Amino acid sequence: MLFFLGIAISLLFAALHTYAFRADQSIDWWFFGLFAFMGGGIVFVIAEMDRNALISRLSDEKPGELGSGFYLQLLKYGTVPFLTIFGSQIPSISNLLLKWVQPALEALH
């Protein structure tokens, strides 16, 4: 489900940046807020799961501590949304990302 959330935010962000809206800057700010709010919640949930005593014993880690699996999970679920937000602010990265997504979006028309 976390993977879907990351991909869904990125696809929605790319779709809204493909069309020319008048309020482009306010859409960006709302997406930054959504990314921060959801990202904070996801980090909190993954951290609590990693600190759980039962799950830690099952995975042979110390209970109550964040292991390397926590950072791997953050990297796995946060890379695509972070690249989408980062790419929206740097035009060369944005053009590269949109070249990959544009044919799929045009096929949907």
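User: In helix α2, about how much of the helix separates Arg51 and Glu48?
Analyst: A helix here is a DSSP run of H or I with at least four residues, and a strand is a run of E with at least two, each numbered from the N terminus. Arg51 and Glu48 are three residues apart in helix α2, so the separation is about one helical turn.

User: What kind of model is this, and how are its residues numbered?
Analyst: The model is predicted, so local features need pLDDT of at least 70 and side-chain atom pairs count only at pLDDT 80 or more, while totals for chains, interfaces and linings use all residues. Side-chain values use heavy atoms, without hydrogens and water, and residues are numbered along each chain as its sequence is written, from 1.

User: How far apart are the closest N and O atoms of Arg51 and Glu48?
Analyst: Side chains of opposite charge can pair when their charged atoms come close. A salt bridge requires a side-chain nitrogen of Lys or Arg within 4 Å of a carboxyl oxygen of Asp or Glu. The structure holds one salt bridge. Arg51 forms a salt bridge with Glu48, and their closest N and O atoms are separated by 3.3 Å.

User: Is Arg51 buried, partly exposed or exposed?
Analyst: Buried means under 20% relative accessible area, exposed means over 50%, and partly exposed lies in between (1.4 Å probe, protein chains only). Arg51 has 37% relative accessibility, so the class is partly exposed.

User: Which helix gives the most to the nonpolar patch?
Analyst: A patch takes residues with over 30% relative accessible area and no salt bridge, joining like charges within 9 Å and nonpolar side chains (Val, Leu, Ile, Met, Phe, Trp, Tyr) within 5 Å. Phe44, Val45, Met49 and Ile55 form the patch on the surface, with about 390 Å² of accessible area together (Shrake-Rupley method, 1.4 Å probe; for residues, only the protein chains shown count as cover). Met49, in helix α2, is partly exposed at 48%. With three residues, the most comes from helix α2.

User: What is the volume of the largest pocket?
Analyst: On a 1 Å grid over the protein atoms alone, a cavity is a set of points where a 1.4 Å probe fits but cannot get out, a pocket is an open set with protein on both sides within 12 Å along at least five of seven lines, and lining residues have an atom within 4 Å of a point. Grid points are joined across faces, edges and corners, and a volume is the space filled by probe spheres set on the points. For the largest pocket, the volume is about 300 Å³.

User: Which helix provides the largest share of the lining of the largest pocket?
Analyst: This pocket is lined by 15 residues, and those nearest its centre are Ser10, Ala14, Thr84, Leu97 and Val101. Two or more lining residues come from each of α1 (2–18), α4 (68–89) and α5 (91–107). The largest share, six residues, comes from α1.

User: How many charged residues line the largest cavity?
Analyst: Ala, Val, Leu, Ile, Met, Phe, Trp, Tyr, Cys and Pro count as nonpolar, Asp, Glu, Lys and Arg as charged, and the others, Gly among them, as polar. The cavity lining consists of Leu2, Phe3, Gly6, Ile7, Lys76, Tyr77, Thr79, Val80 and Pro81. Six of these are nonpolar and two polar, and the number charged is one.

User: How far apart are the C-alpha atoms of Pro81 and Ile7?
Analyst: Pro81, in helix α4, is buried, with a relative accessible area of 6%. Along the chain, Pro81 and Ile7 are 74 residues apart, while their C-alpha atoms are separated by 6.9 Å.
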